[in-house]
Amino acid sequence: LYSTVHPLLATTRVDGAGYDRLAKLFAPEVRDKSVLDLGCGDGSLLRAIARWGSPRALTGIDLYDFGHGVGNPYTFHDGDVINFTLARPVDVAISSQVIEHLAPADLHEHVRSVRESLVKEGLFILITPNRWWGPHDITRAYDFTNSNRVAALGSHLNELTYRELIAILRGHGF
């Protein structure tokens, strides 16, 4: 999935309006802070945070270089968001629409890496669909049992409820 589907995303640019809304919403949380965007894609969220949030430093990590170049207000690292380390911890880590694409077996390693990437009182902003109301993996269109027990066949491999997600985060010290 990562090596086949993910590179297809590199051929399109994301509409930045939604990222502007997020950046405005979280502006007080990132002001004068160092921020890490996990699975940063083409950097749209990082550019919006730079416009609206007045962060001290911005860093993005993604498996593929989506054309990150000179002139962007952030540092880009080509790398894995599951098991990663940073040279120095950050104040805020953001994961927007990422964990639902991670294999369930990789989730705990990802959350551990996020926890270790943060300063002691760091903030983790996590945005992901809820398993109960979506948006759902395409498999839901073919699961006529309405049981949510058919394994994901699309790219949402890890849809969680809030209760499940809270338990995982608490288990890793959040």
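This is a predicted model: local features need pLDDT of at least 70, side-chain atom pairs count only at pLDDT 80 or more; totals for chains, interfaces and linings use all residues.
Student: OK, which residues is Leu38 in contact with, leaving aside its neighbours within four places in sequence?
Tutor: With those neighbours left aside, Leu38 is in contact with Ile61, Val81, Phe84, Ala93, Ile94, Ser95, Val98, His110, Val114 and Phe124.

Student: And which residues have the most contacts inside the largest nonpolar core?
Tutor: Leu38 is one of them, together with Val114 and Phe124, in a core that has 20 residues. As for where those residues come from, at least two are supplied by each of β1 (34-38), β4, α4, β5 (118-127) and α5 (162-171).

Student: What about the other core, how many residues does that one have?
Tutor: The other core lies apart from the largest one and has 15 residues, including Val30, Leu46, Phe76 and Ile125. As a general point, nonpolar side chains in soluble globular proteins tend to be buried together.

Student: Switching to charges, how many salt bridges does a search of the whole structure find?
Tutor: The search finds 5 salt bridges. One of them joins the side chains of Asp91 and Arg56, with an N to O distance of 3.0 Å. This pair links distant parts of the chain, since Asp91 sits in strand β4 (residues 90-96) while Arg56 belongs to the loop between α3 (44-52) and β2 (57-62), 35 residues apart.

Student: Is Asp91 buried or exposed?
Tutor: Asp91 counts as buried, because its relative accessible area is 16% and the cut-off for buried is under 20%.

Student: Which residue forms a salt bridge with Asp42?
Tutor: That is Arg47, and the closest N and O atoms of the pair are 4.0 Å apart. Asp42 is buried too, its relative accessible area being 6%.

Student: Then helix α4: how are Glu109 and Arg112 separated there?
Tutor: They are 3 residues apart in helix α4 (residues 107-117), so about one helical turn separates Glu109 from Arg112. Their side chains meet in a salt bridge, at 2.3 Å from N to O. Glu109 is partly exposed, with a relative accessible area of 29%, and Arg112 is partly exposed as well, at 24%.

Student: Which residues do salt bridges that share partners join into one network?
Tutor: The network consists of Glu109, Arg112 and Glu116, joined by salt bridges with shared partners.

Methods. Residues are numbered from 1 along each chain as its sequence is written. Side-chain values use heavy atoms; hydrogens and water are left out. Buried means under 20% relative accessible area, exposed over 50%, partly exposed in between (1.4 Å probe, protein chains only). Helices (H or I, at least four residues) and strands (E, at least two) are DSSP runs, numbered from the N terminus. A nonpolar core is a set of buried Ala, Val, Leu, Ile, Met, Phe, Trp, Tyr and Cys residues joined through side-chain atoms within 4.5 Å. Contact means heavy atoms within 4.5 Å.
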